[in-house]
Amino acid sequence: MKYMTFNNSCSYAGVANMLEDFNINIEDYELAIRMKVPFIFKYDETWGRYISGAMLQEHKYFNYYLQKLGLRFTENQFNKEDALISLHNLNNKAMIGLNINGMHAVIYCGIENGKYIFLNNRRKNSNEPKYYKYDLDELRKRMNQNIVIGYIEKDIGNLGFDIKEEMENSILYLEKYRSEVENFCTKEQYVNSLKWAMNSLFRALFLDIYSMMDIIGEKELVKLIAKVRADYLNAMNLNKTLNLSEYISLSELNKIIDEYRERIKLEISNSSYNDGYN
């Protein structure tokens, strides 16, 4: 079994667990690195925020790596009742998101004694169960009205995904992000605005990028992000109207963005992405 080793990596651990059926041994962090997601930063309309790393969960990112193995991650969307029919008819493992203390990616493994069995993508030392087992009524309660079911199948085609363009666009998104963060930090903000920005602006830096720099071994950058994050959380804990620039260093914040941008540029220059297979 493969475990979660970084923040929000349940879908990455899930793909790694499904790959074991194809005799492919890979950890979630290794998968993320080979997918190049540490070097992709963007604004996502679905999430309504800037994202990087583990939050890049579209099939195209998984397939950038999987196509090199002659595999494809396929996703299909269903309403709840059709999803139940699809699961019942499946003969292979599949990944699905269920409401388990929040939305969580698990691996459908089949039906046993009237129970739907799901492998829990979890951390190694977690007290959570290895498997979740639900009867039909309970499973319905844990499913959203619209469900995406994803599975891995053999495929030898080139999907034509331009990862280099994604990384180049990341540099543009970073500059837009820098401007928005600086503008937010230099103005007095009410508590509601500060809480909104925690997810919409700062999560990308303090969780997504932090985790990605950690798995690729950028220790000094990780330390700097952790330092600014601690200052930020201290300010947030005051739970009052404030100007963030009085509590966190904008020069350190800009240094983080500059150094992350340079890591992306270095990745682009060090590799060839012309055919989508490198």
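Predicted model: local features only at pLDDT ≥ 70, side-chain atom pairs only at ≥ 80, totals over all residues.
I started at Tyr12: leaving aside neighbours within four places in sequence, I found Tyr12 in contact with Phe6, Asp28, Leu31, Ala32, Met35, Val37, Gly53, Ala54, Leu56 and Phe62.

Next, the core. The largest nonpolar core has 73 residues, and Tyr12 is among those with the most contacts inside it, along with Leu19, Phe202 and Leu244.

Then α1. I counted 10 of its 10 residues as buried. Tyr12 and Leu19 are on that list, and so are Cys10, Ser11 and Asn17.

Ser11 got its own look, as a residue of helix α1. Why does Ser11 count as buried? Its relative accessibility is 5%, and the cut-off for buried is under 20%. Not counting residues up to four places away in sequence, I see Ser11 touching Ala54, Gln57, Phe62, Met95 and Ala105. Phe62 and Ala54 had already turned up in my Tyr12 list.

Phe62 took me on to α3. This helix spans residues 59–66 and is mostly covered, with 6 of its 8 residues buried. I wrote them down as Tyr61, Phe62, Asn63, Tyr64, Tyr65 and Leu66.

Technical notes: Residues numbered from 1 in each chain as written. Heavy atoms only, no water. Buried < 20%, exposed > 50% of the residue type's maximum accessible area, 1.4 Å probe, protein only. Helix = DSSP H or I, 4+ residues; strand = E, 2+ residues; numbered from the N terminus. Core = buried A, V, L, I, M, F, W, Y, C linked by side-chain atoms within 4.5 Å. Contact = heavy atoms within 4.5 Å.
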